[in-house]
Amino acid sequence: MADTLEFNEIYQEVKGSMNDGRLRLSRQGVIFKNSKTGKVDNIQASELAEGVWRRVALGHGLKLLTKNGHVYKYDGFRESEFDKLSDFFKAHYCLELAEKDLCVKGWNWGTVRFGGQLLSFDIGEQPVFEIPLSNVSQCTTGKNEVTLEFHQNDDAEVSLMEVRFYVPPTQEDGVDPVEAFAQNVLSKADVIQATGDAICIFRELQCLTPRGRYDIRIYPTFLHLHGKTFDYKIPYTTVLRLFLLPHKDQRQMFFVISLDPPIKQGQTRYHFLILLFSKDEDISLTLNMNEEEVEKRFEGRLTKNMSGSLYEMVSRVMKALVNRKITVPGNFQGHSGAQCITCSYKASSGLLYPLERGFIYVHKPPVHIRFDEISFVNFARGTTTTRSFDFEIETKQGTQYTFSSIEREEYGKLFDFVNAKKLNIKNRGLKEGMKQSYDEYADSDEDQHDAYLERMKEEGKIREENANDSSDGSGEETDESFNPGEEDDDVAEEFDSNASASSSSGDGDSDREDKKPAKKAKIVKDRKPRKKQPESKKGKDPNAPKRPMSAYMLWLNASREKIKSDHPGISITDLSKKAGELWKAMSKEKKEEWDRKAEDARRDYEKAMKEYSVGSKADSHRGERLKKKKKKQEKQVKGKGDKKGATSKSSSSKSPAKGMSDSFKSKEFVSSDESSSAESKKEDSEDEGAASPPPSSEDSASGSD
């Protein structure tokens, strides 16, 4: 028998929602990894107490009960997999996988049984339904009645919010069955009550999401954000990950808390809590516990009295209470030496941090993308300028993230990082050996070593070295981080035309002066065609037939008002998206109808274009004849003026005057762009000595036309 069983497309039921993921059964226990959040549930084989197989809505399901009362439900199995699972449970867990079907009688009275984290409503020996008590947000009592209220499920379209149980009175004295029922529920329910004093309080912390200044009160089981307008209570069980990220200015720090389920403010959901600290802020902290309690609970991770930077104190306390590692940036260093990249996402500027196991963007909106959910990345040319580029990430679920306006100098650093992490790069294509070597069932924030702890140790060593010899250390850092020669080489490689400008700084001033006129000549050459553009636009005839519309545009013009009436208040962009979805979903027969209309419109356009082209040719010929006639009239007037000016000369001297006027006239004809072939022949005859009066030459030219 195999030592492991693996199942894809398995759904775990958590607080009423079905989370897609992968399930692995091994000798050591049961592991389930959530595909959406990357969270891993690990159940040790020694903790399993019972296994139940039953028919559910999505086929067949497996319910596992642990010895400490926790219940895990997994759906999506096929009926044929029961024998394989049953044999595996017997061989490795020494458990009998029991088959229990739910009661479907439809009765609404029965008995309630509390077992671990479950409330089971039974009819006879068969359960009708089960309620995980961790889903209960409140429990209230009335006369012979108990009301259970549930947490809202954001992933489901419809959520069950309330269930009422009628509890009949009993004859036993001193025992109220309603109160006993409510106490059983409240003992296991996820009801947050601020009982007792807070362990510590951080005052007036700057919070970016949700925006504002909040007092953070640390309780043993939850975090209380108290602001001027809103209050939030965040159980530590909802914290997925902790991040500590240095700002690019090296003066501030981001502390990011990833939450699932998110906190709510009206219809807004906050999946990340982002705090901003200044590195200069210090604090002295005293925990509201005695030293023995601190030592017993935190085992040396915290002490009663602590002092240091504010961000260090907050991160240290959160790490101890949540019991999760803090993720910090890895070995990546950008062009400026920072551990992040300035970019834009959804029209907001922010910082993208390449981590050891993913990317995180802060802060509006915050985005965390794990490497194991990335299908491929793509380096795209910037849409507005060549000085920047876009970095695109597409996940295996088909979601695309585009981080734009990244400086061109960051390209090499980011490409090397992506290449080292063996992510698929779309531009290069899928190559052998680039397959990711991640464990499919490893938690996304679990590293082999604690990066945050290692970083704290390194900072301590640096402080000691700086105290011993500060001047030498600072000089070495500046020499390593600033290499102007390398920057110049990069520019010369990317722009070959300016390679000589960056080759050497020892060239004389005369060389630089020689280069300047060349640049000016380039600008002049580029501007010449721009001056001609308005002339070509003027030549566009407004009377020309318009191009025909496509089938989609014809349908959109006919359906636009209907879409607006069906979705009142819809924006232009949303209307375009909706129209695209409707067109895509349209049947082939309906699309053919609009294709026929588009074909008819195309034929009409071609017919109109033929008529227009014939008419435009006739108009152009007519216009050319009018221009020629007008020029001839102007030349006649000039010829008469020359004759009137020669009043003092004899008839014998008129012939040279005529020759001069003819030569003047021929020069004018030669310079004109629209001179006819007949006129050029006449000029040749005049050069040979054939004297003829100007009117006769013009008449002959008109006759030749």
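**Ring cluster**

I started with the aromatic rings, where ring pairs link F332, F359, F371, F379, F389, F391, Y411, F415 and F417 into a cluster. My pairing rule takes rings of Phe, Tyr and Trp (its six-membered ring) with centres within 6.5 Å; planes under 30 degrees apart count as stacked, over 60 as edge-to-face and the rest as tilted. This is a predicted model, so local features need pLDDT of at least 70 and side-chain atom pairs pLDDT 80 or more, while totals for chains, interfaces and linings use all residues. I number residues from 1 along each chain as its sequence is written, and side-chain values use heavy atoms, with hydrogens and water left out.

**Two pairs, two geometries**

I counted 30 aromatic pairs by this rule. W107 and W109 make a stacked one, at 5.3 Å centre to centre and 10 degrees between the planes. For exposure I call a residue buried under 20% relative accessible area, exposed over 50% and partly exposed in between (1.4 Å probe, protein chains only). W107 is partly exposed at 39%, and W109 is exposed at 55%.

I then looked up F379 and Y411: the ring centres are 5.2 Å apart and the planes stand at 75 degrees, so this pair is edge-to-face. F379 belongs to strand β29 (residues 374-381) and Y411 to helix α5 (residues 411-420), so the pair ties together parts 32 residues apart in sequence. F379 is buried at 8% relative accessibility, whereas Y411 is partly exposed at 38%.

**Lysines over rings**

Here I asked for NZ of Lys or CZ of Arg within 6 Å of the ring centre and within 35 degrees of the ring normal. K105 sits over the face of W107, 4.5 Å from the ring centre.

**Helix α12**

My helices (H or I, at least four residues) and strands (E, at least two) are DSSP runs, numbered from the N terminus. Helix α12 (residues 572-585) has 14 residues and reaches 20 Å from first to last C-alpha, close to the 20 Å expected at 1.5 Å a residue; that expected span is 1.5 Å times one less than the number of residues. I found L575, A579 and W583 buried in α12. They cover an arc of only 70 degrees around the axis, which puts them on the same side of α12; I took the arc from the directions from the helix axis to the C-beta atoms. On the other side of α12, T573, K577, K584 and A585 are exposed.

**Whole chain**

I noted 16 helices and 31 strands in the protein chain. Buried residues make up 34% of its 705 residues.
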